[in-house]
Amino acid sequence: MGMSVTISAATEQDAEQIFRLQYLCFQSEAALYGNYRIAPLVQSLDSVREEVTADLVFVARLGDEIVGSVHGRSTEDAAAAIGKLCVHPRLQGHGIGARLLRAAESALADERGARMFRLQAGHRSESNLQLYSRVGYQRVGTSRGTDGVPMIVLEKTADSYATTA
């Protein structure tokens, strides 16, 4: 019988696995844009450790292996920024990303009082944009990442986070 994937809050001991997973998962995004300087690929291990300590970070585990992660943090406008959602390539398409989003949204609303969730996806990242649309996010604008990649800004209200599943 196989193991099931569990979702839990990340600990500082998870930082190195998150760091490695991000590097693996965001290679396809970098290739899509021809830009290998996107934030998850140039982030330091110390920076990941700081995020795990300061932000709400959730991981998906298959046994002892971290196979997915997502970061959430409060912003000044009673919103929450969600980012760096990634799932190991061999497990994509099985609902793990949606489960990670749900965990982040729930904690950000319940523990940090978020009334709105905001995230960004690269304008060519169709599978990511489809996932976000499927779980209730709406396109509200565009921006440009610090790496120069054109981004689509998406939002959803906290009272609709229960639809992410």
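Trainee: Which residues is His71 in contact with, leaving aside its neighbours within four places in sequence?

Mentor: Keep in mind that this is a predicted model. His71 lies in strand S3. Leaving aside neighbours within four places in sequence, its contacts are Ile18, Gln22, Glu51, Leu56, Val57, Ala81, Ile82, Gly83 and Lys84.

Trainee: Is His71 buried or exposed?

Mentor: Buried means under 20% relative accessible area. Because His71 has a relative accessibility of 5%, it counts as buried.

Trainee: How many disulfides does a search of the whole structure find?

Mentor: Let's start with the general idea: a disulfide is a covalent bond between the sulfur atoms of two cysteines. For Cys25, the closest cysteine sulfur is in Cys86, at 4.2 Å, which is too far for a bond. The search of the whole structure gives a count of 0.

Trainee: What is phi of Lys84 near, in degrees?

Mentor: As background, most residues other than glycine have a negative phi. Lys84, found in strand S4, has a positive value instead. Ala78, in the loop between S3 and S4, also has a positive phi, near 60 degrees. For Lys84, phi is near 55 degrees.

Trainee: How much space lies in the largest pocket, and which residues are the closest to its centre?

Mentor: The space in the largest pocket is about 1,300 Å³. Its lining is made up of 46 residues. The closest to the centre are Phe26, Lys84, Leu85, Gln120 and Tyr132.

Trainee: Which element gives the largest share of the lining of the largest pocket?

Mentor: Elements that give two or more residues to this lining include helix H2 (27-33), strand S4 (79-87) and helix H6 (126-134). By class, the lining has 21 nonpolar, 16 polar and 9 charged residues. The largest share, 7 residues, comes from S4.

Trainee: How far apart in space are Gln130 and Glu65, C-alpha to C-alpha?

Mentor: Gln130 lies in helix H6. With a relative accessible area of 48%, Gln130 is partly exposed. In sequence, Gln130 and Glu65 are 65 residues apart, and in space the C-alpha to C-alpha distance is 27 Å.

Trainee: What separation is there between the C-alpha atoms of Ser133 and Leu154?

Mentor: Ser133 has its place in helix H6. Ser133 is partly exposed, with a relative accessible area of 48%. Along the chain, Ser133 and Leu154 are 21 residues apart, and their C-alpha atoms are separated by 8.7 Å.

Definitions and conventions
Residues numbered from 1 in each chain as written. Predicted model: local features only at pLDDT ≥ 70, side-chain atom pairs only at ≥ 80, totals over all residues. Heavy atoms only, no water. 1 Å grid on protein atoms, 1.4 Å probe; cavity = no way out; pocket = protein on both sides within 12 Å on 5 of 7 lines; lining within 4 Å. Points joined across faces, edges and corners; volume = space filled by probe spheres on them. Helix = DSSP H or I, 4+ residues; strand = E, 2+ residues; numbered from the N terminus. Nonpolar A, V, L, I, M, F, W, Y, C, P; charged D, E, K, R; others polar. Buried < 20%, exposed > 50% of the residue type's maximum accessible area, 1.4 Å probe, protein only. Contact = heavy atoms within 4.5 Å. Disulfide = S-S within 2.5 Å.
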